[in-house]
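Good morning, colleagues. Please take a moment with the sequence and the model before I turn to the contacts.

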Amino acid sequence: MKNILFFTGRELTVEEMQEPIPDLHHFAVQPGVSDEPKCQRCGNETNFSSHPCARCGKECLYCRNCIKMGKISSCTTLYRWTGPEPDVPKAAGILHWSGTLSPGQKTASDNVLQAIQQQKEHTVWAVAGAGKTEVLFAGIATALSEGRRVCIAAPRSDVVRELAPRLQNVFPNTPPAALYGGSPDRHTYSPLVISTTHQLFRYTAAFDVMIVDEVDAFPYTFDHSLQYAVQKARKTESALIYLTATPEPSWREDIQSGKRDATLIPARYHRQPLPVPSMKWCGNWKKSIVPPAVLEWVKTKEKALLFYPHIETMEKALATLKAIDSRIESVHAADPLRKEKVAAMRRGEVPVLLTTTILERGVTFPGVDVAVVGAEDRVFTESALVQIAGRAGRSADCPTGEILFFHYGKTTAMVQSIEQINEMNKLGRQKGLLDT
Amino acid sequence: MNRCLLCENGTEVDSWRAFFGAKAPPLCEVCTASFNRLSGPCCHVCSRSLEEDGECTDCQSWRKSIFHSNVSLFHYNEAMQDVIAQFKYRGDYVLASIFAEKIRTEAKKAACDLICPVPLAPSRLAERRFNQSEALIVCAGLTAAPLLGRHESEKQSKKSRAERMNAVQTFYPTGEATGKSVLVIDDIYTTGATMRLVADALADAGAASVKSITIARSGS
Ligand SMILES: [Zn+2]
Ligand SMILES: [Zn+2]
Ligand SMILES: [Zn+2]
Ligand SMILES: [Zn+2]
């Protein structure tokens with residue numbers, strides 16, 4: 001029986017199946033690559049290669065897009081379980097949570113619940129620090145109690161690892177399966193799944209409720225293959241919930257024109273306005289790396305994030321800044337000590353942490369000040385800058401914080417990010433969601 | 001735009017060079033720079049890096065064989081390990097093209113009569129869908145002469161160094177190479193034990209001498 005649970009909702013290659021494989025009559029089969037060609041696991045239609053194949057004896061096409069998850073070739077068969085679905089126990093949806101929702105969260109929570117009941121699409125646009133996860137609780141609880149299967153798709157494995165224990169706490173009867181490359185839960189069944197997009201590729205028509213977290217944070221902004229994965233993994237009749245702090249312009253237009261059903265939470269849970277960035281010209285920072293204005297700023301800081309557009313400039317800046325204070329550190333995406341350095345920053349052992357855009361979202365350091373060097377660089381899009389600004393003033397104890405964009409020429413992205421933050425604060429006041 | 005085979009970077013050549021028929025390279029500059037060409041003094045038999053040119057102690061202690069020498073192209077650093085793993089174990093065949101030009105150059109230098117791939121046992125070949133050694137030869141635009149077969153055996157990589165040094169023969173001749181010099185092309189050269197077994201089997205096929213070209217030289 002355990003085995004059947006594992007197969008529910010999954011579409012797998014023979015190599016991915018665990019022994020013993022149940023009755024093959026319960027599987028629908030299809031070739032891994034269709035004639036068009038299209039990879040039936042990841043939806044790729046452009047990135048293929050081929051070779052003479054020892055298995056099928058032909059020149060055999062294979063998908064390069066999802067090859068890291070195991071090769072899908074023309075001669076690969078995908079097996080999809082079509083047997084009965086397991087029953088979800090009634091108690092699965094019992095919610096163990098005694099917190100209260102802010103008025104903004106409450107509206108969003110009600111709308112999410114309604115979308116889940118009516119199997120519709122809904123977007124929650126919540127500023128950084130609004131408390132978007134809590135907004136999902138009521139809807140997930142209802143879905144699980146009604147025996148429906150829920151998936152939260154997140155852009156990166158660290159987000160999955162962070163969400164899983166939080167949901168485990170509020171749904172103790174339904175420990176979520178956390179799926180990412182190499183996760184221990186890879187082979188377990190749960191009606192509540194938290195997954196990276198890549199792991200989502202292994203599911204077909206599995207979920208009654210699909211929640212896509214940080215939809216704007218996915219690589220290449222909700223790219224083709226992610227959309228494919230989301231659509232493939234959900235059932236035809238299902239609810240689709242998007243969460244975002246900084247929707248891209250086309251989404252904002254659709255929300256504003258009413259084309260996209262959405263709830264906006266413009267204010268933080270702690271009812272204080274979002275700190276607004278200011279801009280400061282710093283000359284050609286590419287030459288000076290650490291311009292005098294930046295140096296002065298760093299000297300006064302006890303706890304600060306300093307963003308650089310590229311690893312190279314950041315590492316040069318680190319050399320200069322280490323001379324002032326040897327505790328100053330830097331992190332980037334491929335840094336093997338990334339976790340350790342972030343933890344040291346949390347413990348207050350690092351006065352200033354230099355970073356590329358990897359720390360633009362997700363990470364919270366109470367009472368942190370934030371500066372961006374070279375804010376005019378094209379990696380700092382409007383939404384990246386809003387996210388970066390969103391690091392400051394997160395906690396109720398320290399709801400304020402300084403945000404400074406050091407630049408060598410203002411960009412539209414800089415100006416619009418500040419406008420967006422001001423607009424949120426204005427809306428927050430209008431809706432009575434702010435105390436000041 | 002042409003994309004790097006290993007990352008998202010573009011690999012466009014200058015348009016004036018493209019005009020004269022230059023092809024976009026398979027990798028971007030960053031990925032290319034992550035590999036480390038073997039250079040400097042080394043063992044003239046096995047390509048191992050040495051303080052000064054000569055023959056390393058391992059090679060001196062090998063029993064007599066028709067195996068002549070191995071040339072490795074790169075150090076087996078982390079980037080190379082990743083590429084070979086993706087090529088061989090994940091089965092990303094197209095990555096063989098990264099090494100095509102260099103293999104072609106070295107093969108010309110070796111000037112052998114025949115080029116023979118290292119065979120896989122039938123079950124391993126079915127599992128992997130292609131033979132990595134043959135892929136390297138074919139992608140370099142060379143012709144593979146299948147002179148050998150291989151019996152089923154345990155996984156080579158699971159054995160200890162000592163076990164591999166005394167490995168049992170699993171290769172057997174299937175073709176005719178009387179009096180010929182044979183070049184063998186493979187992905188990694190570690191202890192040289194496999195290559196010497198291949199050479200023994202080629203000797204049974206009548207070969208006079210064996211050289212090898214390998215992508216990476218692992219081990220110290
Ligand atoms: Zn694919
Ligand atoms: Zn095939
Ligand atoms: Zn590259
Ligand atoms: Zn040697």
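This is a predicted model: local features need pLDDT of at least 70, side-chain atom pairs count only at pLDDT 80 or more; totals for chains, interfaces and linings use all residues.

A:Arg64 and B:Asp92 form a salt bridge, with 2.8 Å between the closest N and O atoms; the term denotes a side-chain nitrogen of Lys or Arg within 4 Å of a carboxyl oxygen of Asp or Glu. The count between chain A and chain B is one salt bridge. Residues are numbered from 1 along each chain as its sequence is written, chains are lettered from A and ligands numbered from 1 in the order in which they are written, and side-chain values use heavy atoms, with hydrogens and water left out.

How many residue pairs are in polar contact between chain A and chain B? The count is 13, both residues being at pLDDT 80 or more. A polar contact here is a pair of N or O atoms within 3.5 Å; within protein, one must be able to donate a hydrogen and the other to accept it, and residues adjacent in sequence count only if both atoms are side-chain atoms.

On the side of chain A that touches chain B, strand 5 (residues 48-52) gives the most, with four residues. Strands are DSSP runs of E, at least two residues, and helices are runs of H or I, at least four, both numbered from the N terminus. In total, 17 residues from chain A and 14 residues from chain B take part in the contact, meaning heavy atoms within 4.5 Å. The two chains, A and B, bury about 1300 Å² between them, 44% of it on carbon and sulfur atoms. Buried area is the accessible area (1.4 Å probe) that two parts lose on being put together, summed over both.

Four residues from domain 1 of chain B and five residues from domain 2 of chain B make the contact. Between these domains of chain B the buried area is about 390 Å², of which carbon and sulfur atoms give 86%. B:Leu5, B:Leu6 and B:Pro26 lose the most area in domain 1 of chain B, together 85% of what that side buries.
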